[in-house]
Every structure is written in C-alpha cells, then in structure tokens.
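Visitor: Could you walk me through this structure, please? I would like to learn how to read its backbone.

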Amino acid sequence: MSRGVAVVGLDSAGGAQLGNQFAGWTVEGQTIVGIGDTVASHGLPPHSPPPPMVEGADWFTIDGIPVCRAGDAAACGHTTTGRSWFTID
Ligand SMILES: [Zn+2]
C-alpha cells in the first residue's frame, strides 16, 4: 500500500481532515496532517465530536508529532486517504 502523506482539504478519514497544528508545513499547498489533528464529524450515527487522528509515522515527525499517511486511523476507526505522489513508507 502506498502511504501517501495526508493533508487538509484534499484528504479525509470518513470526514474531511481539519487539522492545522502543522500550519506552514504543506504539500500541494495544503497543511500536512499529524496525530491529534481532527476529522470533521461524519457517518450515521455521526462519528462525533470530531475524532482526532491516532496513527502516524513514528519516525517521520514535525515538532515531535508523527505525520499521518494513507491508511492511518482516526479515533473512530476510519483510515485516511493521502497524496499518492508524496509517500512515507
Ligand atoms: Zn469515522
């Protein structure tokens, strides 16, 4: 599986990625997502309040916080999509 980096605005884990803790760190002009960043409420019944991302690359971090890639999960169990050309395997 390609583990492309997840970014706000283009990727989702059930709901849209909302994170902004890595403001200034971007791919395709969109902020990179890390553990603790939240996903928009989604699903039926809703996966809310907005669940945080709980999985990431332990060895690829920004300010010590793991970056999220395709296949990493939010607290609700949904996994995120990622940018296919920028992979962190
Ligand atoms: Zn969910």
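Guide: Helices (H or I, at least four residues) and strands (E, at least two) are DSSP runs, numbered from the N terminus. This is a predicted model, in which local features need pLDDT of at least 70 and side-chain atom pairs count only at pLDDT 80 or more, while totals for chains, interfaces and linings use all residues. Residues are numbered from 1 along each chain as its sequence is written.

Visitor: Where does Glu28 lie?

Guide: Glu28 has a positive phi of about 55° although it is not a glycine. Most residues other than glycine have a negative phi. As for its place, Glu28 sits in the loop between strand 3 (26-27) and strand 4.

Visitor: Is Glu28 buried or exposed?

Guide: A residue is buried if 20 or more other C-beta atoms lie within 10 Å of its own, exposed if 12 or fewer, and partly exposed in between, with C-beta atoms placed from the backbone. Glu28 has 12 other C-beta atoms within 10 Å, so Glu28 is exposed.

Visitor: Which residue joins Pro45 through a cis peptide bond?

Guide: Most peptide bonds are trans. Pro45 is found in the loop between strand 4 (30-31) and strand 5 (57-62). The cis bond there has an omega of about 0°, and the partner of Pro45 is Leu44.

Visitor: How many bridges join strand 5 to strand 6?

Guide: Two strands pair if DSSP finds at least two bridges between them. Strand 5 and strand 6 run antiparallel, and Thr61 stands opposite Pro66 in strand 6. The number of bridges joining these strands is three.

Visitor: What phi does Asp63 take in that hairpin?

Guide: The hairpin of strand 5 and strand 6 has two residues between the strands. Asp63 is not a glycine, yet its phi is positive, about 55°.

Visitor: Is Ala74 buried or exposed?

Guide: Ala74 is in the segment after strand 6. Its contacts (C-beta atoms, placed from the backbone, within 7 Å) include Ala13, Val39 and Thr80, not counting residues up to four places away in sequence. Ala74 has 27 C-beta neighbours inside 10 Å, so it counts as buried.

How values were computed
Two residues are in contact if their C-beta atoms, placed from the backbone, lie within 7 Å.
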